[in-house]
Amino acid sequence: MRKIILLSLILVVGIGYISAQLPAYKNKELSPEERANDLISRMTLDEKVAQMQCVWRGEPGKKALFPNGEFDAEAARKLLPNSIGSIARINEDMGPGAVGAHPTLPPGEAARQYNKVQKYFIEETRLGIPVLIHEEGLHGQQATEATSFPAPIGLASSWNEDLIHDIYSIVAKEIRYRGGSQVLAPVVDVVRDPRWGRTEETMGEDPFLISRLGVAQVKAYQGDGIYLDGDHVGATLKHFGVHGQSEGGSNTAPSNIDERTAREVFFKPFQACIKEARPMNIMVTYNELWGIPAHANKKLLKDILRDDFGFKGVVVSDYYGIGNLVDIDKVTPSKEEAGYLAFKAGVDIELPDYFGYQHLVALVKEGKITESEIDEKVKRILIEKFRLGLFDHPYVNADKAEQFVGCEANREVAYKAAAESMVLLKNEKDFLPLNNEEIKTIAFIGPNADRCILGGYSSSPKQCISPLQAIREKYGDKMNILYAEGCRITDVNSPFPEVIRLVPREDNDVRIAEALKVAKQADVVVLFVGSNEAVAREAYGPTAPGDMPTLELLNGQNELIEQIVALGKPTCAFVKSGQPLSIGKLTKELPAVMQCWFLGQEGGYAMVDALFGDINPSGKLPITFPRSAGHIPSYYAYKPSSRRGYNLGLDVTPLFPFGYGLSYTTFEYSNLKISSSTITKEDSVEVSVDVTNTGSRRGAEVVQLYIRDEYSSVTRPVKELKGFEKLWLEPGQTQTVTFVITPDLLAFYDGNMNWVVEPGDFSIMVGTSSDNVENLKLSVTN
Ligand code: BGC
């Protein structure tokens, strides 16, 4: 017994002695802040500045650190004498081992490479500060074999926060298991000009919907502890401030938005995510706002983001955003000055390579910035590294990465996501679903019939199925399946090639003629039209355009549709696109049209299952469909003085309104009531409605709540979404939905930019889409 006591004593004293020797920053018992303070006190100025830098393709880029794809510790020692804060997408472009459309190492290899790199930083740099690896994860990691979910504009059509949480919990793990610890997502930009190629990356036009889904995403990425476990990554909200309504829908053009609209609309999702989910990072947008590029905009990044919104995390530049101050925005000819401007404005980390921030040490020496200003930024970066657990559990398990990335269970979630992303736009006389028992010959026709379109920020998932492959797989022995491309939109379909050309019209005439021959033999024709990821994509460089001056179906598709319709065969269409397209003619002439966006790796199966009724579509539009590009702006939350109409009697209403979407079943609303029709400014009130599935299939309805302030001291939109709930109902089932209207949902910025509720009348609207609601009145008194 005595021996045991003695041994325990030695152990306790021993542990005490070891922890006394441990620098405070290595002590897991301390808070991230305490650890960061201790670490900063040990760092040289050069080491601090290195934490604010990243390497990718510049000088010294990953090529030099990973000759032939293998990490070279000697090169790192020489090229990074002060270590480095971040490395961009470590397993991407890694020599001959990298495979896929966006070439990366396979998951296990990536994890092994990451461990090797991290071991170097932890064991062989002076202070052992781990390196942070960031990755793209817009709708799945942009890496080989990673599960690819629908593009965000599709996911937003689900109006399903739980689904979003499930999806991004998977994305977090797939990224973390192969070594990434920061994800450059979610995109919470509000889009008000669908000509913008990045529309597909967004969750649509409504700040409330984007806020709810954005919060769900950030929570899924980060979990909710101070210290994250090995299943989570740090999120990066992007792109702050206004990216989604730039001049002409042109990606990096100025955002000519007044401060009120910026705050009421575009900043709202950022603010909600900061308040409710505490994202670790925010990325700055390329666009200028109020005449100053966001990367040099102190009012935006300090006064609003930090002081008003209370953001405590790290502000990262967009790729080359600081360089753009010189090369594009022309606010200075000097790289050093660009670094100075971004530094002073509030950028903490420059991505992806050295440009402005290589001059920070010089700027301190010249007395233009102080070391304590540097400390403030570095502290935020180190806190993030501590919170991510990079000091305490830095390594990953390659076997786990191999087993989890792209696994069957993740595929199932990708399928569910595709199922809930589709929006049924028209279904005259219950044309859909088709009865597979009755069809002898079916023709799949169109440029997107045999394509699995993933959209931007994708790589090569383990599998990716086109609708044609899916129907052949599922019904190949039951019916005769015919196919014709009908027309081809672009010469290449990938989001990556710089130059995209429309294929020559003559070639498409041949394809149309061929398609007509095929269609004539079929009982039913299904058209797969729309656009692709080469047409709808980020305009990521001056030589890589991605925005569109038109929303028309391109390159022979309208002729194809017209000629197929003229055959008089039963025909419907599935539209794959990243933006709402001008599909007025299509929807007028065909009895059934399904909006499919880019549905991810399981999209082919989902479309075929929706065609035959194994999936009951439940999506609702997260963005208005204008009749044409000339009808932009088309967002539903416009001001009362807007949308007076066009000359020549042209219709000013949208083709399909925000919130719209049909189902194979029907829903009835009844018993709409409000708990009190008069309240004071401080009160809340309940609104409830019964929803019944009146059809014969199980289906989902998204019940939507809109509010309008009837008269107000500053102008207010004609309606704004303030609540929604998605219900799954069996045939005949009724459920009551209750919304609580709190003062915050009635408030707005008054003339002095105070957040107030003004007494007066409000319309409370509940319904199935923004243009199909029932009204109640609410009076608010002082
Ligand atoms: C985009 C960012 C993205 C970055 C790196 C930029 O062009 O604006 O959203 O994270 O590229 O891929």
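Predicted model: local features only at pLDDT ≥ 70, side-chain atom pairs only at ≥ 80, totals over all residues.
Trainee: How many helices and strands does the protein chain have, and how compact is it for its 782 residues?

Mentor: The protein chain contains 24 helices and 25 strands. Its radius of gyration is 27 Å, close to the 28 Å given by the globule rule for 782 residues, so the chain is as compact as a globular protein of that length. Along the principal axes, its C-alpha atoms fill a box of roughly 85 × 75 × 70 Å.

Trainee: What share of the residues counts as buried?

Mentor: In soluble globular proteins, nonpolar side chains tend to be buried together. Here 62% of the 782 residues count as buried, while the protein chain exposes about 29,200 Å², of which carbon and sulfur atoms supply 51%.

Trainee: Which residues touch the most other members of the largest nonpolar core, and where does this core lie?

Mentor: The largest nonpolar core has 135 residues, and those touching the most other members are Phe 240, Phe 267 and Ile 374. Helix H8, spanning residues 161-177, gives the most to this core, with nine residues. Because domain 1 (2-26 + 98-404) and domain 3 (667-781) both give residues to this core, it lies between them.

Trainee: What is Ile 374 in contact with, once neighbours within four places in sequence are left aside?

Mentor: With those neighbours set aside, Ile 374 is in contact with Leu 45, Lys 48, Val 49, Met 52, Phe 343, Leu 360, Val 364 and Ile 369. There is also a second, separate core of 37 residues, which includes Ile 445, Leu 516, Leu 560 and Tyr 660.

Key: Residues numbered from 1 in each chain as written. Heavy atoms only, no water. Core = buried A, V, L, I, M, F, W, Y, C linked by side-chain atoms within 4.5 Å. Buried < 20%, exposed > 50% of the residue type's maximum accessible area, 1.4 Å probe, protein only. Helix = DSSP H or I, 4+ residues; strand = E, 2+ residues; numbered from the N terminus. Domains from an automatic or database assignment. Contact = heavy atoms within 4.5 Å. Rg over C-alpha atoms; globule rule 2.2 N^0.38 Å. Areas by Shrake-Rupley, 256 points an atom, 1.4 Å probe, with all protein chains shown as cover.
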